[in-house]
Amino acid sequence: MNDVFAALANPVRRALLLQLREGPRPVKELARGFELGRPAISEHLAVLRKARLVREEPRGRERYYHLDPRPLAEVQAWMAAFTHYWNERLDALDALLAKEEKR
Amino acid sequence: MKEPAVIRVERVFAHPPARVWQALTDPALHAQWWAAGDVRPVVGHRFELDMGRWGMQPCEVVAVEQERLLSYTFAGMSTITWRLEPEGAGTRFTLIQDGFDLDSPIARQAYEGMGRGWPAVIAGIDRVLAAA
């Protein structure tokens with residue numbers, strides 16, 4: 001999970017993921033929209049791969065990258081669970097404030 | 001896909017900031033709506049919150065602005081920040097939880113204990129896939 005958060009924490013990597021929403025892309029094409037060199041882009045892709053947010057597929061002499069949104073669903077699950085938890089706690093706080101008011 | 005690891009929950013309470021602040025910083029009140037522990041609005045103050053089946057969890061106060069903001073690290077898992085703003089006769093109350101380390105023991109346990117939340121989780125997956 002921390003791999004996923006760390007991967008998402010970087011704006012270049014988020015931009016790469018957004019590009020991959022359109023479909024599989026080779027590194028060459030992914031690098032086009034950035035002022036970074038290919039090696040830097042490849043490093044970012046390696047971080048995304050480690051977090052399982054992308055997978056690579058060799059096609060001839062090129063490697064295509066695919067988006068895998070499943071780890072994002074896991075992050076979303078976390079956020080939903082915590083938000084639910086806090087809403088319950090804040091309900092309790094609201095009830096307590098109302099009770100204290102009546103004293 | 002902006003800052004996915006930040007949780008933000010906002011409420012408006014019909015009570016002035018001073019009252020809400022008291023509920024955040026008075027251990028006796030704090031125990032009634034969340035967890036027992038020696039919370040104090042003093043930067044650097046360390047305390048433990050009794051998280052029931054998740055055990056006593058260490059916290060350290062990192063920021064205090066009287067009746068406006070209280071922030072502490074929580075359980076080695078994240079930072080919790082409570083922000084209070086006057087709104088009419090009441091208080092706009094915001095919780096921000098960020099800086100997650102989900103490999104910490106309490107985070108792992110919480111995740112494993114999340115079984116009952118699965119229907120919501122599955123609905124969440126649909127949203128993620130739709131957005132991805």
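Leaving aside neighbours within four places in sequence, with which residues is B:Trp21 in contact? Under the criterion that two residues are in contact if their C-beta atoms, placed from the backbone, lie within 7 Å, B:Trp21 is in contact with B:Glu67 and B:Leu84. The model is a predicted one, in which local features need pLDDT of at least 70 and side-chain atom pairs count only at pLDDT 80 or more, while totals for chains, interfaces and linings use all residues. Residues are numbered from 1 along each chain as its sequence is written, and chains are lettered from A and ligands numbered from 1 in the order in which they are written.

**Helix H1 of chain B**

B:Trp21 belongs to helix H1 of chain B, residues 17-25, where helices (H or I, at least four residues) and strands (E, at least two) are DSSP runs numbered from the N terminus. A residue is taken as buried if 20 or more other C-beta atoms lie within 10 Å of its own, as exposed if 12 or fewer do, and as partly exposed in between, with C-beta atoms placed from the backbone. B:Trp21 counts as partly exposed because it has 19 C-beta neighbours inside 10 Å.

The buried residues of H1(B) are B:Pro17, B:Arg19, B:Val20, B:Ala23 and B:Leu24. They cover an arc of only 165° around the axis, and therefore lie on the same side of H1(B); the arc is that of the directions from the helix axis to the C-beta atoms. What covers these residues includes H5 of chain A together with, from chain B, strand E1 (7-13), helix H2 (27-33), E5, E6 and strand E7 (90-98).

**Strand pairing and turns**

Two strands are said to pair if DSSP finds at least two bridges between them.

| Strand pair | Bridges | Example of facing residues |
|---|---|---|
| E3(B) (46-50) and E4(B) (56-65) | five | B:Leu49 and B:Gln57 |
| E4(B) and E5(B) (69-74) | six | B:Glu60 and B:Thr73 |
| E2(A) and E3(A) (62-67) | six | A:Arg59 and A:Glu62 |

E3(B) and E4(B) form a hairpin with five residues between them, and B:Gly52 in the turn has a positive phi of about 60°. The hairpin of E4(B) and E5(B) has three residues between its strands, and B:Glu67, in the loop between E4 and E5 of chain B, has a positive phi of about 60° although it is not a glycine. Most residues other than glycine have a negative phi. B:Glu67, a contact of B:Trp21, counts as buried because it has 20 C-beta neighbours inside 10 Å. B:Ala75, in the loop between E5 and strand E6 (78-87) of chain B, likewise has a positive phi, near 60°, and B:Ala75 is buried, with 21 other C-beta atoms within 10 Å.

Chain A holds five helices and three strands, arranged from the N terminus on as α-α-β-α-α-β-β-α. Of its 103 residues, 26% count as buried, and residues 24 or more positions apart account for 53% of the contacts in chain A with a separation of 6 or more.

The strands of chain A make an open sheet of three strands in the order E1-E3-E2, with antiparallel pairing. Strand E1 (25-26) and strand E2 (54-59) stand at the edges, each with a single partner strand, so one side of each is left without a neighbour in the sheet. Helix H2 (residues 11-20) of chain A lies across E1, E2 and E3 of chain A, running at about 90° to E3(A). Helix H4 (residues 38-50) of chain A packs on the sheet, touching E2 and E3, with its direction at about 115° to that of E2(A). For these angles, axes are lines fitted to C-alpha atoms, for helices over the stretch in contact, and angles run from 0 to 180 degrees between N-to-C directions.

A nonpolar core is a set of buried Ala, Val, Leu, Ile, Met, Phe, Trp, Tyr and Cys residues joined through C-beta atoms within 7 Å. The largest has 42 residues, of which A:Val4, A:Leu48, A:Leu53, A:Val54 and B:Val20 touch the most other members. Helix H5 (residues 70-102) of chain A gives the most to this core, with seven residues. Domain 1 (1-68) and domain 2 (70-103) of chain A both give residues to the core, so it lies between them; the domain bounds come from an automatic or database domain assignment. Leaving aside neighbours within four places in sequence, A:Val4 is in contact with A:Ala51, A:Leu53, A:Pro71, A:Glu74 and A:Val75.
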